[in-house]
Amino acid sequence: MDLNEFVANFANQFDETDPALFAPDTDFRQFDEWSSLIALSIIAMVDEEYDMSLKGEDIKSSNTIEDLYKIVSSKR
């Protein structure tokens, strides 16, 4: 698993936000499109792409995309 791939997969969960705005240090909650539905999409993406369970608490405790990446990486 690679950080840039994770950022790209994360960005793909957003329909209305320009993918160029996503970077490892992006605070994903800053986007107007961020919602609980997107959070569920992120959980489903991690399950499908990385075959592991991400919890809502993991998302709540993260500020950036890289924070989430580190959580997913630590569970591998």
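Which residues does Asn9 touch, not counting residues up to four places away in sequence? The first point answers this, after a word on the basis of the note.

This is a predicted model, in which local features need pLDDT of at least 70, side-chain atom pairs count only at pLDDT 80 or more, and totals for chains, interfaces and linings use all residues. Residues are numbered from 1 along each chain as its sequence is written, and side-chain values use heavy atoms, with hydrogens and water left out.

1. Asn9. This residue touches Met45, Glu49 and Tyr50, with residues up to four places away in sequence not counted; contact means heavy atoms within 4.5 Å. Asn9 lies in helix H1. Helices (H or I, at least four residues) and strands (E, at least two) are DSSP runs, numbered from the N terminus. Asn9 has a relative accessible area of 14% and is buried. The classes are buried for under 20% relative accessible area, exposed for over 50%, and partly exposed in between (1.4 Å probe, protein chains only).

2. H2 spans residues 36-50, 15 residues in total. From its first C-alpha to its last it reaches 21 Å, close to the 21 Å expected at 1.5 Å a residue; the expected span is 1.5 Å times one less than the number of residues. The N-terminal end of H2 is capped by Ser35, which has a side-chain oxygen 3.3 Å from the backbone nitrogen of Leu37. A polar contact is a pair of N or O atoms within 3.5 Å; within protein, one must be able to donate a hydrogen and the other to accept it, and residues adjacent in sequence count only if both atoms are side-chain atoms.

3. Helix H2, its two sides. Buried in this helix are Ile38, Ala39, Ile42, Met45, Val46 and Tyr50. They lie on the same side of H2 because they cover an arc of only 115 degrees around the axis, taken from the directions from the helix axis to the C-beta atoms. On the other side of H2, the exposed residues are Ser36, Leu37, Leu40 and Glu48. Helix H1 (3-11), helix H3 (56-60) and helix H4 (65-74) are among what covers the buried residues of H2.

4. Ser41. This residue also lies in helix H2. Its relative accessible area is 25%, and Ser41 is partly exposed. Ser41 and Asn12 are 29 residues apart in sequence, while their C-alpha atoms are 9.7 Å apart in space.

5. Most residues other than glycine have a negative phi. Asp51 is placed in the loop between H2 and H3 and counts as exposed, at 67% relative accessibility. Met52 is found in the loop between H2 and H3 as well, but counts as buried at 10% relative accessibility. Leaving aside neighbours within four places in sequence, Met52 is in contact with Val46, Asp47, Val72, Lys75 and Arg76.

6. Aromatic residues. Phe10, Phe14, Phe22, Phe28, Phe31 and Trp34 form one aromatic cluster. Rings of Phe, Tyr and Trp (its six-membered ring) pair if their centres lie within 6.5 Å; planes under 30 degrees apart count as stacked, over 60 as edge-to-face and the rest as tilted. The count by this rule is 10 aromatic pairs. In one of them, the rings of Phe10 and Phe28 have centres 5.3 Å apart and planes at 55 degrees, so the pair is tilted. This pair links distant parts of the chain, with Phe10 in helix H1 and Phe28 in the loop between H1 and H2, 18 residues apart. Both Phe10 and Phe28 are buried.

7. Nonpolar core. Such a core is a set of buried Ala, Val, Leu, Ile, Met, Phe, Trp, Tyr and Cys residues joined through side-chain atoms within 4.5 Å. The largest one has 24 residues, of which Phe6, Phe10 and Trp34 touch the most other members. H1, H2 and H4 are the elements that give two or more residues to this core, and H2 gives the most, with 6 residues. Contacts of Trp34, leaving aside neighbours within four places in sequence, are Phe10, Phe14, Phe28, Arg29, Ala39, Ile42 and Ile59.

8. Ser62. This residue lies in the loop between H3 and H4 and counts as buried at 0% relative accessibility. Ser62 touches Phe28, Arg29, Asp67, Leu68 and Ile71, not counting residues up to four places away in sequence.
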